[in-house]
Amino acid sequence: MSLQVQTTRVEPDIVVVHLNGRMTSRLESRIVEPVVNDLLNQKERKFIFELTGVEEIDSTGANILVQCFLAARKAGAGLRVAGASAKVARLFKVTRLDTVLPVYPTVAAACEGFTLTRGTSE
């Protein structure tokens with residue numbers, strides 16, 4: 001299944017980017033970065049990547065998440081990741097991506113205490 005991206009607003013200032021499918025080296029994985037850039041251009045500053053629908057992720061998909069995180073941070077925004085399956089969470093742990101990206105078990109947990117402080121990503 002190719003990657004599908006949909007956004008919803010869960011709080012007045014938090015946008016959830018729902019990812020469904022495979023985040024692999026296929027070209028359609030590249031659709032995530034333009035979505036984040038569009039949101040940043042619209043002055044959105046708090047994002048949660050909801051990954052419960054992500055079946056598979058490889059190094060390309062992980063790199064896309066990191067690039068989005070860095071773009072958000074550069075713009076003074078925050079990006080959190082929520083709902084990763086055991087398989088995806090294992091990749092985060094093995095690659096130590098969980099030490100770079102703020103990872104939460106659920107969107108609700110990711111929303112808690114989501115404040116932006118100058119100079120930080122959270």
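Is Lys93 buried or exposed? Hi everyone, let's start right there. Lys93 is exposed, at a relative accessible area of 58%. Please keep in mind that what you see above is a predicted model.

Asp98 counts as partly exposed, at 30% relative accessibility.

That pair belongs to a set: the structure holds 5 salt bridges. Let me take you through two others.

Arg9 forms a salt bridge with Glu44, and the closest N and O atoms are 2.5 Å apart. Arg9 sits in strand β1, residues 4-11, while Glu44 is in the loop between α1 (32-41) and β3 (46-57), so this contact ties together parts that are 35 residues apart in sequence. What about their surroundings? Arg9 is partly exposed at 45% relative accessibility. Glu44, on the other hand, is buried, with a relative accessible area of 12%; the cut-off for buried is under 20%.

Next come Glu56 and Arg22, whose side chains meet in a salt bridge at 2.8 Å, N to O. Glu56 belongs to strand β3 and Arg22 to strand β2, residues 14-23, so here the pair ties together parts that are 34 residues apart in sequence. Glu56 is partly exposed, with a relative accessible area of 27%, and Arg22 is partly exposed as well, at 28%.

Now let's move to strand β4.

Which strands does β4 join? On β3, there are 5 bridges to β4, and the two run parallel. Within that pairing, Phe49 stands opposite Val81 in β4. To get from β3 to β4, the chain passes through helix α2, residues 59-74, and this β-α-β crossover is right-handed.

Strand β5, residues 103-104, is joined to β4 by 2 bridges, and these strands also run parallel. Here Ala82 stands opposite Tyr104 in β5. Together with helix α3, residues 86-94, β4 and β5 make a right-handed β-α-β unit.

How values were computed:
Residues are numbered from 1 along each chain as its sequence is written. This is a predicted model: local features need pLDDT of at least 70, side-chain atom pairs count only at pLDDT 80 or more; totals for chains, interfaces and linings use all residues. Side-chain values use heavy atoms; hydrogens and water are left out. A salt bridge is a side-chain nitrogen of Lys or Arg within 4 Å of a carboxyl oxygen of Asp or Glu. Helices (H or I, at least four residues) and strands (E, at least two) are DSSP runs, numbered from the N terminus. Buried means under 20% relative accessible area, exposed over 50%, partly exposed in between (1.4 Å probe, protein chains only). Two strands pair if DSSP finds at least two bridges between them. A crossover is right-handed if, with the strands pointing away from the viewer, the path from the first strand over the helix to the second runs clockwise.
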